[in-house]
Amino acid sequence: MAHRSAAVHALGIQDGARILDLACGTGINFENLITVNANGWLLGLDYSLGSLEQAQERVKRNRWDKVVLGLGDAAQLPFANNTFDRVLCTYALKAIPLYQQALDEVQRVLKPQGVFVVMDAALSDGMTRFLNPLIRWMARGFFYAIDRPLINEIARRFQDVQTTEYDFGYTVVVVARKE
Ligand SMILES: C[S@@+](CC[C@H](N)C(=O)[O-])C[C@H]1O[C@@H](n2cnc3c(N)ncnc32)[C@H](O)[C@@H]1O
């Protein structure tokens, strides 16, 4: 999907970086991340063992030797302060129950001047907003809290927040920097 590569591009990765793919699921972002960070490290964390097993298959199949997978809770990250150069989180912050704690944790584990990119679903305020009730109903079926004020919550913790909308506003990419 083009938005995924846009989100990875927005990280502004310099090869050799230490990257966290937060709530990585089955590792769908890995290929894009490794393409721009062949000599760096990628840590994929999720709390679903089933998803991580699929991610592990993907890593094995592609012989990516600089990818490490971890089982853990985004709201309680098992990493020291200032560990990562970049953090990516796609389609997860509206699914993580304690998402505000997860944002605090990203702020803690990101290095100063590190970049945080979020891609997530949103509701439209454009011409297609009449579809919002349908989108909200579908999101609820996936335990997805689509109304969460992610951009405000990110802006409370990070600097230089920039947003780009895709799909008539139904997808948003947020780029932010730690002070
Ligand atoms: C919709 S999936 C998105 C996966 C992947 N980032 C993507 O873009 O396809 C949401 C993911 O968030 C993970 N997740 C939800 N709550 C979590 C938490 N507290 N800690 C870690 N992962 C969590 C789920 O296990 C799931 O893999």
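Two strands count as paired here if DSSP finds at least two bridges between them. Helices (H or I, at least four residues) and strands (E, at least two) are DSSP runs, numbered from the N terminus.

A word on the model itself. It is predicted, so local features need pLDDT of at least 70 and side-chain atom pairs count only at pLDDT 80 or more, while totals for chains, interfaces and linings use all residues. Residue numbers start from 1 along each chain, as its sequence is written.

| Strand pair | Sense | Bridges |
|---|---|---|
| Strand 2 (residues 41-46) and strand 3 | parallel | five bridges |
| Strand 6 (residues 159-166) and strand 7 | antiparallel | six bridges |

To find your way around these pairs, look for Leu45 opposite Gly70 in strand 3. Likewise, Val118 has Val174 of strand 7 as its bridge partner, and Gln162 stands opposite Val175 in strand 7.

Strand 7 (residues 171-177) has five of its seven residues buried, so it is largely enclosed by the rest of the structure. "Buried" means 20 or more other C-beta atoms within 10 Å of a residue's own, "exposed" means 12 or fewer, and "partly exposed" is in between, with C-beta atoms placed from the backbone.

**Two turns with positive phi**

Strand 6 and strand 7 make a hairpin with four residues between them. In that loop sits Asp167, whose phi is positive, about 50 degrees, although it is not a glycine. Asp167 is exposed, with 12 other C-beta atoms within 10 Å.

Arg63 is another non-glycine with a positive phi, near 55 degrees. It lies in the loop between helix 3 and strand 3. Arg63 counts as exposed because it has 6 C-beta neighbours inside 10 Å.

Leu93 belongs to the loop between strand 4 (84-90) and helix 4 (99-109). With 24 other C-beta atoms within 10 Å, Leu93 is buried. Apart from neighbours within four places in sequence, Leu93 is in contact (C-beta atoms, placed from the backbone, within 7 Å) with Tyr99, Ala102, Val118, Asp120 and Leu150. Leu93 and Ile146 are 53 residues apart along the chain, and their C-alpha atoms are separated by 9.5 Å.

**Helix 4 against helix 6**

Helix 4 and helix 6 (residues 150-157) pack at about 35 degrees, their axes 10 Å apart. Those axes are lines fitted to C-alpha atoms, for helices over the stretch in contact, and angles run from 0 to 180 degrees between N-to-C directions. Helix 4 contributes Gln100, Leu103, Asp104 and Gln107 to the contact, and helix 6 contributes Glu153, Ile154 and Arg157.

**Around the ligand**

Finally, the ligand: it has 16 residues around it, of which Ala23, Gly25, Ser48, Ala74 and Thr90 come nearest. A residue is near a molecule if its C-beta atom, placed from the backbone, lies within 6 Å of it.

Key:
Two residues are in contact if their C-beta atoms, placed from the backbone, lie within 7 Å.
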